[in-house]
Amino acid sequence: MITKINYPFVSMKKMLADAKIGNYAIAHINTNNLEWTKAILTTAQETNTPIIIGLSEGAAKYQCGYKTVAAMTAAMMENLKITVPVAMHLDHGSYEACIQAIEAGFSSIMFDGSHEPFAENYQKVEQLLKIIGNRDISLEAEVGTIGGEEDGVIGNGELADIDECKKISLLPITVLAAGIGNIHGLYPDNWKGLNFERLSQISSVIGNIGVTLHGGTGIPDDQIKKAIELGVVKINVNTECQVAFQEAVRKYIEDKKDLDKAKKGFDPRKLLKPGYEAIKSKILEKITLFGSLNKA
C-alpha cells in the first residue's frame, strides 16, 4: 500500500472533464529545471489557468528524482501563493516509474506501454489502476506510438488501432494518448499533418474520455483548433519552450550582457532570466490558443 503524500497537487480528472464540456484543452508543459517550474506556476496563476506540469523520466533523473521535483514544486506553490489547479504529472513513464512517481506524491501518471504488445499494455494499465485504488490520482494510457524520440522510446508516428482504443477506454483511465500522426520534437518539412479521420474515429469509440495530443510543438494553429473540436482535451508542449529558452539566453550572451562585470551580468539568475521570461510568453501563447485561459 502506497501512502499518498499531502501535496497541493490535484489530479487531471476535473480539469480535463471541464475541458471536454467546454471544448478547450489544458496545457501540459514539461519542466526541465527550477526556471521552468517557476515559469509554469507563475504564468498559470497570473492568468487564472489550470495547468499540468509534466516530468519525463529523463528530466526526473536530471533533477535528482521524483521526490526532489515534487517537494520543490510543492514548496514553490506555497511560496508563490499558487491557488489555481496544478497537476503534477509523470510523462511517458514506465511501469516502475509510475509507482515511483505515486510514492513521491505525484497526482497524475502516464503509463507508456505503447511499444509493448497491447495485451501487456492493457494488463499493466489495469494493475496501476488497482494500485491507485480510490485515491484522486489520474492515469493516462497510450495506444499507438507517438512519432519521434522520448527518453529512448522511438516511434514512427503510428496511427492508433480503433479497437485497442475502445478496449482500453473501458478501464477507468482519465485520458488516452493515441497516435494520430503526431510526433515529439520539431516537425520535419515533409510532415503530412494530423490524421483527423483517425482522431474522429477514436473519439467516437472512447466515450467521455478525452484524447491527449503529444508533440504539440509546431502543429499549425488551425490543426490544433480542429483537434480540440474532435476531442483533444490535453496538449503537451516541451520542445517549443526549450527553443524559446535557448534563443533568449543566446541573445543575452550574443549581446555580451554576461560580460558586464559592473552589473554582474555573469550572475546565473540574470543569465537565465531572459529564458524564464521567454518560457512564460510561450506558455501564455499556448493557453490562449488552447482556450484554457482564465478557466481555473
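Student: Which residues have the most contacts inside the largest nonpolar core?

Tutor: In this predicted model, they are Ile-168, Ile-173 and Leu-176, within a core of 77 residues.

Student: Which element gives the largest share of this core?

Tutor: Helix 5 does, with seven residues.

Student: And what does Ile-173 touch, leaving out residues up to four places away in sequence?

Tutor: Ile-173 is in contact with Val-125, Leu-129, Leu-139, Ala-141, Ile-168 and Ile-209. Another core, of 10 residues, lies apart from the largest one; among its members are Leu-16, Ile-26, Ala-87 and Val-233.

Student: Turning to helix 4, which of its residues are buried?

Tutor: Tyr-66, Val-69, Ala-70, Thr-73, Ala-74, Met-76 and Met-77 are buried in helix 4. They lie on the same side of the helix, because they cover an arc of only 160° around the axis.

Student: What do these buried residues pack against?

Tutor: Their partners are helix 2 (34–46), strand 2, helix 3 (57–62), strand 3 (86–93) and helix 5 (95–104). On the face turned away from the buried side, helix 4 carries the exposed residues Lys-67, Glu-78 and Asn-79.

Student: How many residues does helix 4 have, and what follows the helix?

Tutor: Helix 4 spans residues 66–79, which is 14 residues, and reaches 20 Å from its first C-alpha to its last, close to the 20 Å expected. Lys-81 follows, with a positive phi near 55°.

Student: A change of topic: how many salt bridges does the structure hold?

Tutor: There are 12. Lys-124 takes part in one with Glu-116, at 3.3 Å from N to O, and in one with Glu-120, at 3.1 Å.

Student: Where do Glu-120 and Lys-124 lie?

Tutor: Both are in helix 6 (residues 118–132), four residues apart, about one turn of the helix. Glu-120 is partly exposed at 32% relative accessibility, and Lys-124 is partly exposed at 22%.

Student: Which distant parts of the chain does the pair of Glu-240 and Lys-286 link?

Tutor: Their salt bridge, with the closest N and O atoms 3.0 Å apart, links helix 10 (residues 239–254), which holds Glu-240, to helix 11 (residues 268–290), which holds Lys-286. The two residues are 46 residues apart, and both are buried.

Student: Which residues are joined into one network with them?

Tutor: Salt bridges with shared partners join Glu-240 and Lys-286 to Lys-282 and Glu-285.

Definitions and conventions:
Residues numbered from 1 in each chain as written. Predicted model: local features only at pLDDT ≥ 70, side-chain atom pairs only at ≥ 80, totals over all residues. Heavy atoms only, no water. Expected span 1.5 Å × (residues − 1). Buried < 20%, exposed > 50% of the residue type's maximum accessible area, 1.4 Å probe, protein only. Arc of directions from axis to C-beta. Contact = heavy atoms within 4.5 Å. Core = buried A, V, L, I, M, F, W, Y, C linked by side-chain atoms within 4.5 Å. Salt bridge = Lys/Arg side-chain N within 4 Å of Asp/Glu carboxyl O.
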